[in-house]
Amino acid sequence: MSKFVGAIDQGTTSSRFMVFDVAGRVVGSAQQEHRQIFPKPGWVEHDPVEIWETTKAVIVAGLADAGITAADLATVGLTNQRETTIVWNRVTGEPVTNAIVWQDTRTDQIVSDLGGEVGIDRFRATTGLPLATYFAGPKVTWILDNVGGVEFLANAGDLMFGTIDSWILWNLTGGPVKGRHVTDVTNASRTLLMDLDTLAWDTGLAEAMRIPEAMLPEIIPSVGRVGIGTGPLAGVAISGVLGDQQAALFGQACFGVGEAKNTYGTGCFLLMNTGTEKIPSTSGLLTTVGYQIDGQPPVYALEGSIAIAGALVQWLRDNLGLFEDASQIEAMAASVQDNGDVYIVPAFSGLFAPHWRSDARGVIAGLTRFATKAHLARASLEATAFQTREVIDAMRKDSGVELTTLKVDGGMVVNDLLMQFQSDLLDVPVVRPKVNETTALGAAYAAGLAEGFWDGLDSVAANWGEDRRWTPNMETDRRAALLTSWDKAVERTLNWVD
C-alpha cells in the first residue's frame, strides 16, 4: 500500500500541494502565489488559467520536495477558496472572464433586487444563507448580464459554472475530453442555489437568478471517489473535496457536536459542528454543510465568516508600506503596550458575520497625534480578535453552547501576540495543533478515508496533537472597555455606501 496522501489547497492568495504520511505529518510541500486583480473599487478577480497553472506547478514541486512520484500516492484530496466563481466553455475549456472572488462586492445591486421587499433572508430557510455579495449565485448572474455573448452561450448549453473546486477537478480529470463537472456539498452550500435539506440544486433559486440548470455541476459527497487524475497526477485517485473552512474543521478533527475551530487566513472563519441537525441562525451566522461521507447523512455546521483578517496585514504591507514582510508586524505591534485607543475595522468588502452590511466600509477610529505606525499594527491584529469575539457571541446565542476552548489554525496563528489577545478577549484558552496547516490536512483526511488509507474518523482524530496553548490574562473591566470601544468603531463603518 502507498505510504502517502496528497492534498491540493487552492487558496485566495496562493496554490499549494502537500504530502502527508499516515500519522498526518507533512513530508513535502510547495506553494506559489497568484495575482490579486482589482479592476475597480470593490472588485476582486483571479485569472482561472493562472490558478490552474500554479496548481499543476505546485503538484510537481511538492512531489519533488517529498522525494516521491505520483505513483507513491494512495490518493489526493482537494480543498479550495469558496464562493469564488468561474464560468467557462465546456468545449474549449476557456473561461469567459476572470474569476469573481468571494470578497468582490459588484453584485450588490443584484443582491438587493433579489431580496426585494423580503430582504436578505428571502432564501435563508432553503439555503441557510442571507443574501449577500459573498456568495456565488449572484456572481453568475452578473457574468451572464455583463459579459458579451455569454447569456446566449449559456442558454445554448455551452457554458459551465463552478467554484474553484469544480474548475480544478474538471481540468484535473481530463478537461474538455472527459473532465468531470462536479462540486461537493460544502462548496455547493455556498452558492445560494442548493437546498440544505435535499442537498440538490433548487430550481426556483436558479430561475430567480436566471441561471440555466445546464450550467450547474453535479453535487457529490465530500468523502468519496471523484475520478482519476491526469497530467501531474496521472492515474491517482481523486477522492476528497471540501471547501477550505470545512476542510479545516475536518483537519482539526472537530467530529463531535459543539466542537469548533477558527481559521486565521485571508479572512477569518469560525465553524462549529452541529451534527446531523441543521440549526437556523437568528444571530447573523450561516447554516452550512460541514461535510458528508459517501453513503451517510450530511453533518451540518454553524459558521461565522469574517471577510478581512490576514488581508488587513497585507494591506498595511502592500498599500501603506508599513513593513516589508508580514512577519514583521508582531514585533512592531509589541513595541507599544496597547493600541493607543486606535481601532481599525477592515470593512473593505462590507461587514460579514454577524452584521451582513454591504454598505459598510473600513475605518480607522480614535486617531490622535499620539498614534504611531506601531499602534496601527497592533490595532490591525486586534481587529481580527474583536471580529472573532463578535462571531463567538453570535454562535453562543444560536447554539446554546458555551465555548470552553477554541482550536485555531491558519497562517496568523504563529503570531503569539494575536493569540494571547484572542484568549484574553474570549476569556477561554486558545489551542494551536501540532500540524498548523489543517486545511490541506483535512482534504488529505477526506481522500484517505475514502480510499481506506485511514480506518475511520477515530484514527484521524488520534493524529491530532496540541502544540501551544494560550490562557486568558485580562481583567474583566479592561475587556469590557475594549469591547465597548470596538462596538463604537463598528458603528462608524455603516451607511457609507448609498
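## Burial and model basis

A residue is termed buried under 20% relative accessible area, exposed over 50%, and partly exposed in between (1.4 Å probe, protein chains only). The model is predicted: local features require pLDDT of at least 70 and side-chain atom pairs pLDDT 80 or more, whereas totals for chains, interfaces and linings use all residues. Residues are numbered from 1 along each chain as its sequence is written, and side-chain values use heavy atoms, with hydrogens and water left out.

## Salt bridges

The structure as a whole contains 28 salt bridges (a side-chain nitrogen of Lys or Arg within 4 Å of a carboxyl oxygen of Asp or Glu). One of them joins Arg82 and Asp244, with an N to O distance of 3.4 Å.

Another salt bridge is formed by the side chains of Arg35 and Asp47, at 3.3 Å from N to O. Arg35 is located in the loop between strand S3 (26–33) and strand S4 (45–46), and Asp47 in the loop between S4 and helix H1 (48–66), so that the pair, 12 residues apart, links distant parts of the chain. Arg35 is partly exposed, at a relative accessible area of 45%. The side chains of Asp9 and Arg16 meet at 2.9 Å, N to O, in a further salt bridge, and both of these residues are buried.

## Aromatic contacts

Phe386 and Phe421 form an edge-to-face pair because their ring centres lie 5.6 Å apart and their planes stand at 75°. Since Phe386 lies in helix H12 (residues 373–399) and Phe421 in helix H13 (residues 416–426), the contact ties together parts that are 35 residues apart in sequence. Phe386 is buried at 2% relative accessibility, and Phe421 is buried at 8%.

A single aromatic cluster comprises Trp102, Tyr134, Phe135, Phe269, Phe352 and Trp356. Charged groups also sit over rings (NZ of Lys or CZ of Arg within 6 Å of the ring centre and within 35 degrees of the ring normal). Arg106 is placed over the face of Trp43, 3.8 Å from the ring centre. The charged end of Lys407 lies over the ring of Trp464, at 4.4 Å from its centre.

## Cavities

The structure has 2 cavities of 30 Å³ or more (on a 1 Å grid over the protein atoms alone, sets of points where a 1.4 Å probe fits but cannot get out; lining residues have an atom within 4 Å of a point). The largest cavity has a volume of about 90 Å³ (the space filled by probe spheres set on the points, which are joined across faces, edges and corners). Its lining consists of 15 residues, of which Ile306, Leu351, Phe352, Ala353 and Gln387 are the closest to the centre. Strand S18 (299–306) and H12 are the elements that contribute two or more residues to this lining. The lining of the largest cavity comprises 10 nonpolar, 4 polar and 1 charged residues (Ala, Val, Leu, Ile, Met, Phe, Trp, Tyr, Cys and Pro are nonpolar; Asp, Glu, Lys and Arg charged; the others, Gly among them, polar).

The second largest cavity contains about 40 Å³ of space. Its lining is formed by Met272, Ile392, Met395, Arg396, Val401 and Leu403. Helix H12 gives the most to the lining of the second largest cavity, with 3 residues. By class, this lining has 5 nonpolar, no polar and 1 charged residues.

## Second largest pocket

The second largest pocket has a volume of about 260 Å³ (a pocket is an open set of points with protein on both sides within 12 Å along at least five of seven lines). It is lined by 18 residues, and the closest to its centre are Asp108, Val111, Ile120, Leu131 and Ser358. The lining of the second largest pocket divides into 7 nonpolar, 9 polar and 2 charged residues.

Methods:
Phe/Tyr/Trp six-rings, centres within 6.5 Å; stacked < 30°, edge-to-face > 60°. Helix = DSSP H or I, 4+ residues; strand = E, 2+ residues; numbered from the N terminus.
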